[in-house]
Amino acid sequence: MVETKTVEYDKPLVKGSIKVPGDKSISHRAIMLGSIAKGRTAIKGFLDGEDCLRTIEIFKRLGVSIERKGTDVVVDSPGIGKWTTPKEELYAGNSGTTARLMLGILSGSPVTSTMTGDDSLSKRPMKRVTTPLQSMGASIAGAESGDFLPLTIEGTELEGIDYNMPVASAQVKSAILFAGLNAEGETVVRETAVSRDHTERMLKQFGAELVQDGKTVSIKGGQALTGTDVTVPGDISSAAFFMVAAAMIEGSEVDFLDVGLNPTRTGIIEVLRQMGAKVDILEQNGEMGEPYGVVKVSHDRLEGIEISGDIIPTLIDELPIIALLATQATGTTVIKDAGELRVKETDRIAAVTDELTKLGANVKATDDGMIIEGPTALSGGELKSYGDHRIGMMAAIASLVSDGPIHIEDPSCIAISYPNFFDHLSQIVSARIEE
């Protein structure tokens with residue numbers, strides 16, 4: 001029997017302060033680089049969501065010692081050259097980041113392993129990663145020439161490449177850079193637009209040398225990494241759901257504490273401002289590693305805009321909740337150049353369009369985005385999460401502006417990135433949440 005959660009509000013007002021969980025992308029990479037590096041890495045603010053815990057379990061199977069106490073993690077690694085061949089398959093669950101980045105890491109490692117995932121992840125394309133890796137000499141075998149999990153990776157000697165990426169993707173870029181770290185010669189990645197740069201920042205933090213020049217990143221192989229200390233800021237992609245809540249509801253105002261402010265991730269702030277919401281950055285910190293700070297978001301009159309081009313990679317995960325925001329804005333909001341949404345945990349263009357339409361929104365799907373007319377009064381209803389955490393959280397936030405309760409099918413998927421989402425929801429708004 002599929003679990004359902006009912007969320008209902010009576011004239012909600014969103015106010016207060018909130019500290020969202022650690023950034024999912026950075027948490028993954030901290031474990032990965034701490035395991036590649038030799039020595040001890042201490043991580044603070046780790047996201048203990050399901051996806052990131054899958055990454056920990058994979059490295060334990062490779063012989064890396066990892067101890068976790070809540071959001072504090074200590075990694076003690078002998079270095080990638082002394083990993084042991086796992087006796088079991090490496091299971092990534094629903095985590096595309098884990099699977100795709102591990103393909104790059106494992107390709108240049110000394111072990112042979114098989115990467116698997118759940119039913120959803122096993123349907124997500126991997127060829128965008130395996131094609132450039134195989135051109136480096138990687139030995140990756142699986143269904144349909146390596147396009148889908150399960151995939152068997154036999155670690156081997158790699159050669160650096162100069163690769164022009166057809167689509168801006170931090171996952172693909174990171175997989176190639178990780179492979180390049182253990183390849184002969186230089187590896188160059190050229191993007192169509194700058195995607196999130198957490199991998200580049202953290203490689204430097206662990207002692208690697210690489211060159212960033214606009215949309216091009218290059219790294220020389222054969223570099224040894226050394227364990228270090230990593231602080232993970234709050235995940236702005238998680239904060240985005242409550243940022244939109246504050247922006248949509250008259251009289252609302254929320255402070256977000258220690259939230260990540262990496263310029264390759266702050267597209268949500270730019271879009272909120274363009275649509276008319278008030279967004280103020282009250283503090284900014286983080287001289288080493290990732291920038292973070294305190295952000296205040298409050299309501300104001302919203303207007304539809306066009307969201308396209310280079311800003312899309314900086315808010316690709318926030319587009320579902322931005323679509324909800326657009327239903328409450330005056331005029332037309334056009335989202336385009338976002339075809340990447342089609343190959344996320346689900347087809348997010350289809351999922352967002354279908355679920356918001358159920359509530360009475362005027363949303364039209366396009367090949368690479370959506371067209372939303374607003375403002376529209378939303379009704380309550382039964383919404384599916386599709387096992388996708390971003391869709392599940394969008395459904396919950398929609399209940400803030402719906403005329404009736406919203407029943408969310410399979411809300412447990414939200415724990416993938418935000419285990420205490422409903423606790424924080426009740427913290428900043430008067431809510432009645434019933435099982």
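In helix 11 (residues 348–358), the buried residues are Arg 348, Ile 349, Ala 351, Val 352, Thr 353, Glu 355 and Leu 356. Buried means under 20% relative accessible area, with a 1.4 Å probe and protein chains only. Helices (H or I, at least four residues) and strands (E, at least two) are DSSP runs, numbered from the N terminus. The model is predicted: local features need pLDDT of at least 70, side-chain atom pairs count only at pLDDT 80 or more, and totals for chains, interfaces and linings use all residues. Residues are numbered from 1 along each chain as its sequence is written, and side-chain values use heavy atoms, with hydrogens and water left out.

The cover over the buried residues of helix 11 includes helix 10 (319–327) and helix 12 (389–398). It also includes strand 22 (362–366), strand 23 (369–374) and strand 24 (381–384). Gly 360 follows the helix and has a positive phi, near 100°.

An open sheet is built from four strands in the order 6-7-9-8, with mixed pairing. Strands pair if DSSP finds at least two bridges between them. Strand 6 (90–91) and strand 8 (139–142) are the edges; each has a single partner strand, so one side of each lacks a neighbour in the sheet. Strand 6 pairs with strand 7 (residues 112–116) in the parallel sense, over two bridges. Here Tyr 91 stands opposite Thr 116 of strand 7.

The whole structure holds five aromatic pairs. Rings of Phe, Tyr and Trp (its six-membered ring) pair if their centres lie within 6.5 Å; planes under 30 degrees apart count as stacked, over 60 as edge-to-face and the rest as tilted. Phe 242 and Tyr 418 pair edge-to-face, at 6.0 Å centre to centre and 90° between the planes. Phe 242 belongs to helix 8 (residues 236–248), whereas Tyr 418 lies in the loop between strand 25 (406–409) and helix 13 (421–428), 176 residues apart. Both Phe 242 and Tyr 418 are buried. Phe 242 and Phe 421 have ring centres 5.3 Å apart and planes at 20°, so this pair is stacked. Phe 421 lies in helix 13 and Phe 242 in helix 8, so the pair ties together parts 179 residues apart in sequence.

Ring pairs join Phe 242, Tyr 418, Phe 421 and Phe 422 into a cluster. The charged end of Lys 5 sits over the ring of Phe 422, 4.7 Å from its centre. The criterion is NZ of Lys or CZ of Arg within 6 Å of the ring centre and within 35 degrees of the ring normal.

Key:
Buried means under 20% relative accessible area, exposed over 50%, partly exposed in between (1.4 Å probe, protein chains only). Contact means heavy atoms within 4.5 Å.
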